Amino acid sequence: MAKFVNKKRNLKNTAFSAHDTANTLVGTLTALTTNKGHVLIGCNVANIHTASVTVDVAFIDSSGNTITYIAKDVTIPVGGNVELVDGKIVIDSDTTKLHARCSVDTKADIIISILENA
């Protein structure tokens, strides 16, 4: 049975790695059912700082430690936000985690929406 998951997080400025917990947004998705996948249907990042910030958002496959960026070095102006998903992105592995970071600790908020086992 498919279910929606919404996650909200205040982003930190820590280097990405497969074992990173500070920047992991989605690391505990429901185990994939045969012939199913998770679908990222929304990803919005907002600047809550008094200056511009830069953000990165990426999938990290911990089985191979492979980083695949959705956005890299995206500058968000004061009071601005960016919608990073236009359409849908399929996550087809239980070992894939979504990570995000901001150039200034705790100065960007992210909200993501995922449909699990779709």
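## A loop residue to start with

Thr 106 is partly exposed, with a relative accessible area of 32%; that label covers the range between buried (under 20% relative accessible area) and exposed (over 50%), using a 1.4 Å probe and protein chains only. Thr 106 sits in the loop between β8 and β9, where strands (E, at least two residues) are DSSP runs numbered from the N terminus. Its phi is near 60 degrees, a positive value in a residue other than glycine. Asp 73 is another non-glycine with a positive phi, about 55 degrees, but Asp 73 lies in strand β5.

A word on the ground rules: this is a predicted model, so local features need pLDDT of at least 70 and side-chain atom pairs count only at pLDDT 80 or more, while totals for chains, interfaces and linings use all residues. Residues are numbered from 1 along each chain as its sequence is written, and side-chain values use heavy atoms, with hydrogens and water left out.

## The nonpolar core

The largest nonpolar core holds 20 residues, and Leu 11, Leu 40, Val 45, Val 57 and Ile 110 have the most contacts inside it. Each of β3 (38-47), β4 (53-61), β5 (66-76), β8 (96-102) and β9 (108-116) supplies at least two residues of this core. By "nonpolar core" we mean a set of buried Ala, Val, Leu, Ile, Met, Phe, Trp, Tyr and Cys residues joined through side-chain atoms within 4.5 Å. As a general background point, nonpolar side chains in soluble globular proteins tend to be buried together.

## Strand β3 and its partners

β3 is mostly covered, with 7 of its 10 residues buried. It runs antiparallel to β9, joined by 8 bridges; two strands count as paired if DSSP finds at least two bridges between them. Within that pairing, Cys 43 has Ile 112 of β9 as its bridge partner. Cys 43 counts as buried because its relative accessibility is 0%, and Ile 112 counts as buried too, at 1%. Ile 112 also comes to 6.7 Å from Lys 8, C-alpha to C-alpha, although the two are 104 residues apart in sequence.

Leu 40 and Val 45 are both among the core residues with the most contacts.

## A buried charged pair

How many salt bridges does a search of the whole structure find? There is 1, and the side chains of Arg 101 and Asp 56 make it, at 2.8 Å from N to O. The pair links distant parts of the chain, with Arg 101 in strand β8 and Asp 56 in strand β4, 45 residues apart. The term needs a side-chain nitrogen of Lys or Arg within 4 Å of a carboxyl oxygen of Asp or Glu.

Are these two side chains buried or exposed? Arg 101 is buried because its relative accessible area is 16%, and Asp 56 is buried because its value is 5%.

Even so, a search of the whole structure turns up 0 disulfides, a disulfide being a pair of cysteine sulfur atoms within 2.5 Å.

Conventions. Helices (H or I, at least four residues) and strands (E, at least two) are DSSP runs, numbered from the N terminus.
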